Amino acid sequence: MSAPLREATSLFQAAFASDPAVLASAPGRVNLLGEHTDYNGGPVLPMALQRRTVVAAAPGPEWQAVSDLSEMAASFDPAATRTGQWTDYLAAVAAELIASGVAVSPMRIAVASNLPVGAGLSSSAALCVAAARAMVQVSDRRFKPSALAETAFRAEHDRVGVRCGRMDQTIAAEAMAEHAMLFDTGSGRVEQLPMPWTVWLIETGVSRRLTEGAYNQRRAECDEALLLLQERWPGLRKIAALPAARLDSAMELLPPPLDRRVRHVVTETARTFAAAQALSQSDRAALGRLMIAGHMSLKNDYQSSCLEADSIVTAAQEAGADGARLTGAGWGGTVLMLADEVRAGEIIRAVRLDFRRRFSRSPVVWRARAGVGVRGHSL
Ligand code: GLA
C-alpha cells in the first residue's frame, strides 16, 4: 500500500471508528505544453504524476469528511457548495452526481494526498475525480473515466465556481502510465502518446489559487478578444481556431493587451501540436525547444509567469536542460524541466544555486514519470 492509501485508511479508522468500504485515488498532473488553450478551444498535452490523492469512503449517518490537512471531522451539505471550506469540492461532486440521477446517500470520507496543494499541479482535480470514483462505487454504480472527468469538471466549474477548462479533470481520469495525453478541446479527441522520459519539477514556492483574480481576468480578456475577432470573421468559434496566417491581421484589429493574449493562444496551439509530434518521434530536444518557446510566450504575451519561474527557466536552459517552462495556470506554482538523466543532477545544482542567490531560499525539486489515471483499490 502506498503512503497516502495507508494514511487515508488510518485517518478514516481514527475519525469514524470503522473501516472504509471503498478506496479510490487520482493523480495530479503537469502540462508538457498547451497552456491557457483549454478554454480557447485548443489542444493540451498533460501527463499524470505518480503522486496521488486518495479518497476513502463508506455510507454514514451524515456527510462528514476528514483530511490529512484538517484532521477534525467536518460536516458538509451537498446543497451548499460555496462555503469557502475544502469540503466544498466533495459537496459539489455529491451534488453533481445527485443531479445526474445517481442515488447518492450521506457518506463518511477521509482524504490523504502526497500532492502539494497550491503548486499548480491540480490537486483539486485529483480530489474531485477520486471523490467521484469513490462516491459512485459506494452508490453501487460504475462510471467510465470520461464520465468521472465530466462530473468532476462540472462540480468544480459550475458548483464551486472555479472557471477552469477541462484539462485537469480529463488527465486525472484518463491518464495512461508512461504516456502523455494530447487532448484537443476543439474536437474532444484524446490521443495517448508514449512519454518515456523523466521530468523534474521545481516548485517556485509562490502559491497560487485558481479562484484568485488573474486567471479569471485572462478568461475575460479572451472572451472580449473573441467578440472583436468575430466582427471580422463571423464563423470563428474559438480563438484557437484562428488560422496562423490571419494572426497579423488579428494583431492590427485588437487593442493591447488583447493582441498579445490572442498571439499566445494561436502560437501555443501550433506549438502543442508540434510537441505531440516531437513526442511521437521520440525527439526530446525538439520538445524541449517548444517548451522554452512556450514559456517565453507565457512570460511576454500571456503575462502569466512570475520572476521566480523566469529565473528557473533561464538558469535551467543555461545549465544545459533540453527545456523548461512554468506549468499550470501560472503566476506561481511549478516549473517543469526536461533534461538528460545523466546531466540532470548538475543542472539542478546550478538552478538551486542561482535561485538561492536571487531569492535567499531553496526551491523544492522532485522527479516524476508519467503515472496512471483514476483507479479503485482493494481494502
Ligand atoms: C488551470 C485550469 C486548466 C487550464 C490551466 C491553464 O490548471 O484548471 O483548465 O486552463 O490552468 O492552461
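**Note on the ligand site and salt bridges**

1. An oxygen atom of the ligand lies 2.7 Å from a polar backbone atom of H36, a polar contact being a pair of N or O atoms within 3.5 Å (within protein, one must be able to donate a hydrogen and the other to accept it, and residues adjacent in sequence count only if both atoms are side-chain atoms). The protein covers 98% of the 310 Å² of accessible area that the ligand has on its own, by the Shrake-Rupley method with a 1.4 Å probe.

2. This is a predicted model, in which local features need pLDDT of at least 70 and side-chain atom pairs count only at pLDDT 80 or more, whereas totals for chains, interfaces and linings use all residues. Residues are numbered from 1 along each chain as its sequence is written, and side-chain values use heavy atoms, with hydrogens and water left out.

3. An N or O atom in the side chain of D168 is 2.6 Å from an oxygen atom of the ligand, and a backbone N or O atom of G165 is 2.8 Å from a ligand oxygen.

4. The structure holds 20 salt bridges, each a side-chain nitrogen of Lys or Arg within 4 Å of a carboxyl oxygen of Asp or Glu. One of them joins E35 to R325, with the closest N and O atoms 2.6 Å apart; the two residues are 290 residues apart, E35 in the loop between β1 (22-31) and β2 (43-44) and R325 in strand β10 (residues 323-327).

5. E35 is buried at 2% relative accessibility, and R325 is buried at 0%, where buried means under 20% relative accessible area, exposed over 50% and partly exposed in between (1.4 Å probe, protein chains only).

Notes. Helix = DSSP H or I, 4+ residues; strand = E, 2+ residues; numbered from the N terminus.
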